[in-house]
Amino acid sequence: MNPSTVISAMHYCVPGNVLGNEELAARFGERQIASISKMSGVVERRVVSPGITASDLAYCAATRLILEKAIAPESIDALIFTTQTGDYQIPATACVLHERLGLSQHCASFDVGLGCSGFPYSLSIAQGLICSGLAKRVLLLNADALTTVIHPEDRGLVPLHGDGAVATLLDAGDTPGIGLVFSRLGTDGTGAKHLCIPASGARLPRSEETKLPLTEDNGVVRTKEHLWMNGPAIFHFSIYKVPEVVQGALAAMGIGMDAVDLVILHQANKMMIDQIYKALGVAPEKRFCHMEKLGNMSGASSPMVLAEAWRQGRIQPGSLTLVIAFGVGLSWGLSAIRWPDQLPSPVTASVDYETV
């Protein structure tokens, strides 16, 4: 019998810098920011200081999880770093974190290059390592510093996004039906073009031309070296595809929404997730949002809101939680988590990573 895969601990880290609506109103105009804030539900964002990267946030979260839970570094068999904003093209940033965290040489370390859907994907990879016997303990780090790849004058994306990191410790368990009990992953590569940084790799090398500012009809300013999003296409994909995926997963598990205790969605924006909740018929007491003062943190978003739900006591012993993440790729992932009757102590958070 394959071992189960259980979440033993979580810890998250966000930057200390706060970017509020008042500052953005001075940059983009009060009417623009009021409109976006009403749609997104975001009033503040946490943004990294110059020179701070996603891996620095991940290091903070991982270090404090290890210290708080008294984890022996040599007990970690695999390190997965899931990000779109790695330190280098070569080497994998996971290898850099491996050295910083003082992990043993038997610990496998690798990056997963996914954004919004990265948490369910990397949970599934960790489960595969554990079920195959290649690992008994996996440290999963989901982090992004997306504000570093958004043009500061992009009035569409700057108000939506923030930076953050989450460390998740996964262990092999011996209780059937506990931990990660179901996963569903998918991709529609025809939509990859709708959310991208054109000059960010080998396909379109950076040049003087790619640095030139481009102003679109809606007033958005960017270059080909910054993130670009087709907002209407992403919105349409999310509100139609995500309910379909969730309903299919519930059918595959042989349960209805009444059997689910909490539904966590990628924190894209409040209007979008409210529509998805409504389409699925999720009762208000089964919803949880945590983006008002953080913003959309891409791949760190869904683990962040799961960690915060745990911290606030919204996750109860023996309960069933669905985590659904979706976006860049276009891709989506769903993880169903059955929590043990003896629930570990709540997670904690860090906001002063510069001191680590």
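**Figure 1. Lining of the second largest pocket in a predicted model.** The second largest pocket is lined by Asn-17, Val-18, Leu-19, Glu-23, Arg-27, Val-47, Thr-147, Ile-150, His-151, Pro-152, Val-158 and His-161. Strand 2 (17-20) and helix 1 are the elements that give two or more residues to this lining, and strand 2 has the largest share, three residues. Helices (H or I, at least four residues) and strands (E, at least two) are DSSP runs, numbered from the N terminus. The volume of the pocket is about 220 Å³. By class, the lining has six nonpolar, four polar and two charged residues. Ala, Val, Leu, Ile, Met, Phe, Trp, Tyr, Cys and Pro count as nonpolar, Asp, Glu, Lys and Arg as charged, and the others, Gly among them, as polar. A pocket is an open set of points on a 1 Å grid over the protein atoms alone, where a 1.4 Å probe fits, with protein on both sides within 12 Å along at least five of seven lines; lining residues have an atom within 4 Å of a point. Grid points are joined across faces, edges and corners, and the volume is the space filled by probe spheres set on the points. Residues are numbered from 1 along each chain as its sequence is written, and side-chain values use heavy atoms, with hydrogens and water left out. In this predicted model, local features need pLDDT of at least 70 and side-chain atom pairs count only at pLDDT 80 or more, while totals for chains, interfaces and linings use all residues.

**Figure 2. The largest nonpolar core.** This core has 45 residues, and those with the most contacts inside it are Val-246, Met-257, Val-263, Leu-265, Leu-322, Ile-324 and Phe-326. At least two residues of the core come from each of helix 1 (21-28), helix 6 (231-253), strand 13 (262-265), helix 7 (270-280), strand 14 (320-327) and strand 15 (331-338). Helix 6 gives the most, with eight residues. A nonpolar core is a set of buried Ala, Val, Leu, Ile, Met, Phe, Trp, Tyr and Cys residues joined through side-chain atoms within 4.5 Å. Buried means under 20% relative accessible area, exposed over 50%, and partly exposed in between (1.4 Å probe, protein chains only).

**Figure 3. Surroundings of Leu-322.** With neighbours within four places in sequence left aside, Leu-322 is in contact (heavy atoms within 4.5 Å) with Val-246, Leu-250, Met-253, Val-260, Leu-262, Val-263, Ile-264, Leu-334, Ser-335 and Ala-336. A second, separate core of 36 residues includes Ile-80, Ala-126, Ala-135 and Leu-306.

**Figure 4. The salt bridge between Asp-56 and Arg-100.** The closest N and O atoms of Asp-56 and Arg-100 are 2.9 Å apart. Asp-56 lies in helix 3 (residues 54-68) and Arg-100 in helix 4 (residues 93-101), so the pair ties together parts that are 44 residues apart in sequence. Asp-56 is buried, at 19% relative accessible area, whereas Arg-100 is partly exposed, at 32%. The structure holds eight salt bridges, each a side-chain nitrogen of Lys or Arg within 4 Å of a carboxyl oxygen of Asp or Glu.

Figure 5. Glu-308 is buried at 1% relative accessibility, whereas Arg-311 is partly exposed at 42%.

**Figure 6. Two cis peptide bonds, at Pro-91 and Leu-330.** Most residues other than glycine have a negative phi, and most peptide bonds are trans. The bond from Ile-90 to Pro-91 is cis, with omega near 5 degrees. Pro-91 is in the loop between strand 4 (78-82) and helix 4. Gly-329 and Leu-330 are also joined by a cis peptide bond, with omega about -15 degrees, and Leu-330 lies in the loop between strand 14 and strand 15.

**Figure 7. Positive phi at Ala-70 and Ser-298.** Ala-70, a residue other than glycine, has phi near 55 degrees. Ala-70 is in the loop between helix 3 and strand 4 and is exposed, with a relative accessible area of 69%. Ser-298, not a glycine either, has a positive phi of about 55 degrees. Ser-298 is in the loop between helix 7 and helix 8 and counts as buried, at 2% relative accessibility.
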